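Here is a short report for a first look at this structure. Please keep the 3D view open while reading.

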Amino acid sequence: MSDLVSQKVNMIFKSLKGETVHALKDITFTLKKGELLTVLGPSGCGKTTLLNIAAGFLRPTSGSINLGGKEINGPGVERGMVFQQGALFEWLTVNENVNFGLRMKKEDPIKTAKKVEEWLDIVGLKGFGNTPTYQLSGGMQQRVALARCLINDPDLILMDEPLGALDALTREKMQSLVLKIWKETGKTIILITHSVEEALLLGERVYVMAPRPGRIHKEYKLPFASMGLKGDLREIKNDKEFVSKREEILTMIWDMEEEIMGKEI
Amino acid sequence: MITGFITFFTIFAVVGAILYGRKLIKTEKTDAVFGNPERAKGGMHWVVVGSSFLLLSWLYYSWDIAKSFYPKSANELCQVAKVNESLLSLKYLFPIVERQHKSTAIIKRENINIEDKIILIQNDPNLKDQDKKIFVNILRDTKLMIPSLTDERYLEDDTKNIINELTIRLNHLTENFPKDSYPNLTEEEENEINEGLKKQLGWGATGMEVPPLPESKRGLKFHAAAAELNSISDEFFEMRNHNPEYLKQSEAIFGEIKEYMDGLGDGRELDYIKDIKKLVRRIEYASIFPPKTLDELENAIRAFDKVQNNEQANLRTIDILLFPAGTIVASGPQCSEAGPGRWLPKPSDTFRIFGEMLKPSVGYKMIPMLWYEMMGVNRIVGFILPDWIADIMPGKYPVHNQDGTVDPNFKSRMLDIVTGEFEAFKIPVPTGHIWDSFLRVFLGLSLGIILGVPLGLFMGLNRFAKGFFDPMVELYRPVPPLAWAPLIITVFGIDNVGKVFLLFMVSFSIMIISARAGASGTQLSKIHAAHSLGASRWQIIREVIFPNSLPEILTGIRVAVGMCWGTLVAAEFLAGTTGIGFVENVARKYMQYEVIWITIFVMGMLGLLFDLTIRKIIDKTIPWRGKG
């Protein structure tokens with residue numbers, strides 16, 4: 001029973017001038033344990049706000065998000081987070097970054113070291129333990145960020161456009177890695193992306209969000225993630241159904257963008 | 001000797017480095033076009049040229065090259081300067097240095113003065129007509145008196161004889177001067193000079209600025225000529241062209257003045273008549289002669305000047321080439337350096353004095369520059385432990401006995417320990433001017449860092465702290481630290497406490513600003529990451545915000561070191577009894593230019609050392625800077 005339940009979450013930002021922005025409106029959904037949800041939408045639709053609320057960095061104006069029956073109230077270890085730029089601590093080595101969470105809990109360093117080794121192996125960074133993080137490439141930094149998050153054994157993993165800043169090749173590798181980790185650990189994952197392809201490839205469920213006010217516009221349940229676990233990601237991309245879904249969502253988002261532009265003009 | 005060697009060596013180094021530079025250009029990669037930073041890389045050979053250039057300039061402009069290659073040149077130039085000085089007053093009489101004869105110039109000026117005065121008197125509405133008339137009469141008489149001085153007919157034979165005699169003496173000198181036998185000194189005179197030479201010290205900081213007694217044959221010639229010229233010049237200026245005709249007229253004028261002044265109180269009239277009297281006196285003492293009278297003398301002076309210039313020979317070249325921007329001047333029997341040689345000490349002297357000062361037994365003002373002393377551990381313990389520790393111990397301090405002794409108890413023994421009154425082994429502790437300055441900077445800086453960094457971080461993270469401490473910091477920070485110095489020194493005393501506090505104030509504000517900038521510049525995603533990894537507030541500050549602010553903090557320290565160092569030297573200038581700034585201040589009072597330059601050099605070196613250390617620390621501790 002560690003489902004993620006969002007109930008009528010509203011988020012209204014007020015500026016000092018008195019302008020209000022309705023960032024999220026009545027977001028209601030339930031995510032079962034072990035599900036992989038990707039959230040897609042044009043910029044400004046409240047994707048990141050939703051993630052920040054789930055992580056506990058923001059408090060919703062009304063409504064609540066519960067994880068395993070407990071209301072989310074501030075950040076916590078049970079909800080790990082992976083950021084777009086990795087947000088690694090560049091003054092630490094790879095090892096020190098990965099075991100950061102365990103060190104904060106003051107766990108036994110010997111056990112920790114073993115765990116770190118395991119996780120570095122999983123994310124494919126074996127032997128990089130003592131490398132300073134500022135010497136790593138972008139893809140490697142994201143692997144470290146993943147390991148750092150997963151070593152804490154969180155119930156829910158929140159990913160904020162984690163692959164957005166990577167080149168196409170690295171991105172593909174990382175997508176397989178995310179799927180592999182999802183399969184092996186069975187974690188609940190929410191992944192935010194602005195790439196339609198990525199959302200379709202990785203998402204067991206896909207939410208397309210619409211802006212002003214930020215809301216869930218459309219929901220999809222897709223088979224591609226489970227297909228991706230077995231097969232080649234590139235083959236799936238050429239799948240007929242995949243292509244038609246991609247075009248459908250792209251059109252949807254383009255319409256939304258046009259609507260916004262129209263409104264602004 | 002050493003200076004000469006160094007001079008040649010440096011010149012070779014420069015030539016070698018330039019040749020190497022030329023060669024390097026030929027082998028340079030062709031892809032390094034102008035503007036490519038690649039072209040600025042390397043270039044140690046140009047460092048050699050730059051340093052050599054500095055050293056050579058120093059050697060040259062401090063006249064050390066002259067001293068090294070021509071050690072006697074200053075002494076000889078001093079003798080020449082004596083001759084020139086003696087000759088100058090005579091030269092001024094004629095159009096040699098000036099444009100006109102001195103008599104001509106005086107007559108011209110005084111005639112104008114008289115006419116001006118007459119106009120002034122006639123136009124003064126406050127003067128009575130009667131007074132005006134008297135004044136103008138006296139002035140006209142004065143003007144009429146001048147021809148009595150310039151008319152050859154009135155010139156007395158005595159005066160003519162003296163002028164002739166002086167001319168003959170000068171011609172005689174001119175004739176004898178180039179001869180090898182000149183000067184013909186008596187044994188007594190020779191002994192006198194030799195005695196003086198025994199006591200005479202060398203050129204430079206060891207002894208006199210410039211040794212005045214002649215040390216060479218050529219010097220002796222000029223020395224003797226200067227004495228003769230002095231005697232001629234004295235005799236000439238004692239002579240007055242006061243012939244009977246002049247005396248008659250001037251007596252009449254002074255009589256008129258006296259008569260008028262006798263019947264006078266004080267008022268504007270008095271001022272006028274005093275002015276007129278001054279004017280008459282000026283003419284009386286001016287050396288006014290008839291136009292042709294001094295022609296022979298003038299020729300004699302010109303002739304001697306030519307001869308003495310010839311006799312200087314290569315000394316003139318040395319003076320022009322090796323004594324740049326100045327020369328040796330004489331004033332009476334003494335000589336001094338006029339030019340950069342005076343305030344730019346010779347490297348040879350400077351290094352010798354520096355070596356001397358570094359000796360712990362010499363130092364400066366009884367304190368070594370940098371040495372160590374043995375200090376009992378008890379004194380250190382007594383300094384560190386506060387005395388009240390003994391007060392809070394149980395029991396009471398002992399009271400003396402009837403037989404006049406005191407039995408120590410536990411409490412009194414504790415007091416002995418905390419005040420350092422016990423026997424202990426000794427350890428070496430650094431001491432001296434350089435150490436004192438260093439320690440002050442170090443303490444002030446450390447205090448500033450220890451207190452400033454946490455407060456700065458706090459201010460970067462907390463609205464209350466930022467608002468509360470901002471006014472205080474921002475109000476005292478823009479004030480130049482030296483403006484605080486008088487106040488701080490009054491409150492905390494001229495010794496270490498005041499200076500350390502001043503430096504603390506300097507570094508504290510800088511550390512606050514930099515730590516605050518570092519804290520508020522932390523990426524939000526890193527803080528978020530730390531939160532979701534389960535870090536507590538304290539852990540976030542210690543593990544994320546502090547290391548993230550380190551680049552700013554270390555840069556702040558680097559700035560603070562420079563500021564502290566500058567402030568300290570100025571503060572030591574103001575007050576105190578030790579430290580590099582103190583040394584410079586004392587040296588300034590006694591015009592010890594070598595010591596001034598040594599302190600400047602030491603300060604530069606220490607400042608550089610501080611900066612290099614911190615740069616090293618920066619490279620070691622924050623290698624990720626600019627790569628995150």
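## Two crossing helices in chain B

H19(B) passes H22(B) in a right-handed crossing. This is a predicted model. Helix H19 of chain B spans residues 433–461. Its axis and that of H22(B) come within 6 Å. They cross at roughly 35°.

What kinds of residues make up the contact of H19(B) with H22(B)? They divide into 20 nonpolar, 9 polar and 3 charged.

## Helix H21 of chain B: two sides

H22(B), residues 496–520, also meets another helix. The buried residues of H21(B) pack against it, and against helix H24 (537–574) of chain B. H21(B) itself covers residues 481–492.

Which residues of H21(B) are buried? They are B:Pro481, B:Ala485, B:Ile488 and B:Ile489. These residues cover an arc of only 100° around the axis, so they sit on the same side of H21(B). The other side of H21(B) has exposed residues: B:Ala483, B:Pro486, B:Leu487, B:Thr490 and B:Val491. Just after the helix comes B:Gly493, with a positive phi of about 90°.

## The sheet in chain A

Now turn to chain A. Here 4 strands form an open sheet. Their order is E2-E1-E4-E5, and the pairing is antiparallel. Strands of a sheet pair through backbone hydrogen bonds. Which strands lie at the edges? They are E2 (20–31) and E5 (70–71) of chain A, and each pairs on one side only.

Strand E1 of chain A runs through residues 4–14. How many bridges join E1 to E2(A)? There are 8, and the two strands run antiparallel. A:Lys14 stands opposite A:Thr20 in E2(A). Helix H1 (residues 47–55) of chain A packs on the sheet. H1 touches E1, E2 and strand E4 (62–67) of chain A. The direction of H1 makes about 60° with that of E2(A).

## Where the chains meet

Chains A and B touch each other. In this contact, 21 residues of chain A meet 17 residues of chain B. Which elements give two or more residues to the chain A side? They are strand E6 (79–82) and helix H3 (100–104) of chain A.

The residues on that side of chain A divide into 13 nonpolar, 4 polar and 4 charged.

Notes. Residues numbered from 1 in each chain as written. Chains lettered and ligands numbered in written order. Predicted model: local features only at pLDDT ≥ 70, side-chain atom pairs only at ≥ 80, totals over all residues. Contact = placed C-beta atoms within 7 Å. Nonpolar A, V, L, I, M, F, W, Y, C, P; charged D, E, K, R; others polar. Buried ≥ 20, exposed ≤ 12 C-beta atoms within 10 Å, placed from the backbone. Arc of directions from axis to C-beta. Pairing = 2+ DSSP bridges. Axes fitted to C-alpha atoms, helices over the stretch in contact; angles between N-to-C directions. Left-handed = near helix turned anticlockwise from the far one by under 90°.
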